[in-house]
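User: Could you walk me through this structure? I have not looked at it before.

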Amino acid sequence: MEIRPNGPGSPWLLTDAGVEDLPRNYDAFGLLFGVRNYAGFEPVSPGRGLPADASTELLARRFSDDEHDHTWVAWTQLARIDWTAQAPRVDDRIHEYELTSEGPILVGKAGHHGRAWRAVAGEDADPRGSSYPEGTQWRAPDRMWRVERLRQGDVLRGDPPLRALLDTMRGLAERHGDDNVRLVVWFDS
């Protein structure tokens, strides 16, 4: 994360925001940066590369050949996200639920499923959710698989580190101004 404590025109400075602890949240990566965008979100800031005016500390970092999709997003863009908006299409991953007496519990999302899903969907069924209309579902006695469309706010559900990062950015923006806080990212897988 970078800030410009002295406002526009002044140099950016690298901050220590503890982003190394962020989990691999592909829905967030897709929404924010267009990377692994299985959910089909319209990305906020895809493929920008490193900022031309990046901090000297960031530019001094040694990037490896395994790092890719460098990009950045300003707090002003994050602050404008409509967290209630739906993705333009259904998720490529079919959502799997365990059926319990308390109701369905999300087990996960995947682009492929095992024998249990094949037994109810058919051996030739396409494992991509985007191959089916929204709401399509398959049921086994203790499982349900469903084609769903995510809301942008779903990227925050169950991801306290990401919410904490956004809270940190919001706090920095309150101190330094919305245009003076940005997150610079890259990926290594």
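User: What is the make-up of the lining of the second largest pocket by class?
Analyst: The lining of the second largest pocket has 9 charged, 5 nonpolar and 3 polar residues, where Asp, Glu, Lys and Arg count as charged, Ala, Val, Leu, Ile, Met, Phe, Trp, Tyr, Cys and Pro as nonpolar, and the others, Gly among them, as polar. This is a predicted model, in which local features need pLDDT of at least 70, side-chain atom pairs count only at pLDDT 80 or more, and totals for chains, interfaces and linings use all residues. Residues are numbered from 1 along each chain as its sequence is written, and side-chain values use heavy atoms, with hydrogens and water left out.

User: And which residues lie nearest the centre of that second largest pocket?
Analyst: Of the 17 lining residues, Asp 27, Leu 106, Lys 109, Asp 154 and Arg 157 lie nearest the centre. A pocket here is an open set of points on a 1 Å grid over the protein atoms alone, where a 1.4 Å probe fits, with protein on both sides within 12 Å along at least five of seven lines, and lining residues have an atom within 4 Å of a point.

User: Which element gives the largest share of the lining?
Analyst: That is S5, with 3 residues, while H1, S4 and S5 each supply at least two; helices (H or I, at least four residues) and strands (E, at least two) are DSSP runs, numbered from the N terminus.

User: Now salt bridges: how many does the structure hold?
Analyst: The structure holds 13 salt bridges, each being a side-chain nitrogen of Lys or Arg within 4 Å of a carboxyl oxygen of Asp or Glu. One of them joins Arg 93 to Asp 27, with the closest N and O atoms 2.4 Å apart. This pair links distant parts of the chain, 66 residues apart, since Arg 93 is in the loop between helix H3 (75-79) and strand S4 (94-100) and Asp 27 is in helix H1 (residues 26-33).

User: Is Asp 27 buried or exposed?
Analyst: Asp 27 is buried, because its relative accessible area is 7%, and buried means under 20%, exposed over 50%, and partly exposed in between (1.4 Å probe, protein chains only). Arg 93 is buried as well, at 10%.

User: What does Lys 109 pair with?
Analyst: The side chain of Lys 109 meets that of Asp 27 in a salt bridge of 2.3 Å, N to O. Lys 109 is in strand S5 (residues 103-110) and Asp 27 in helix H1, 82 residues apart. Lys 109 is partly exposed, at 29%.

User: Which residues are linked with Asp 27 in a network?
Analyst: Asp 91, Arg 93 and Lys 109 are linked with Asp 27 in a network of salt bridges.
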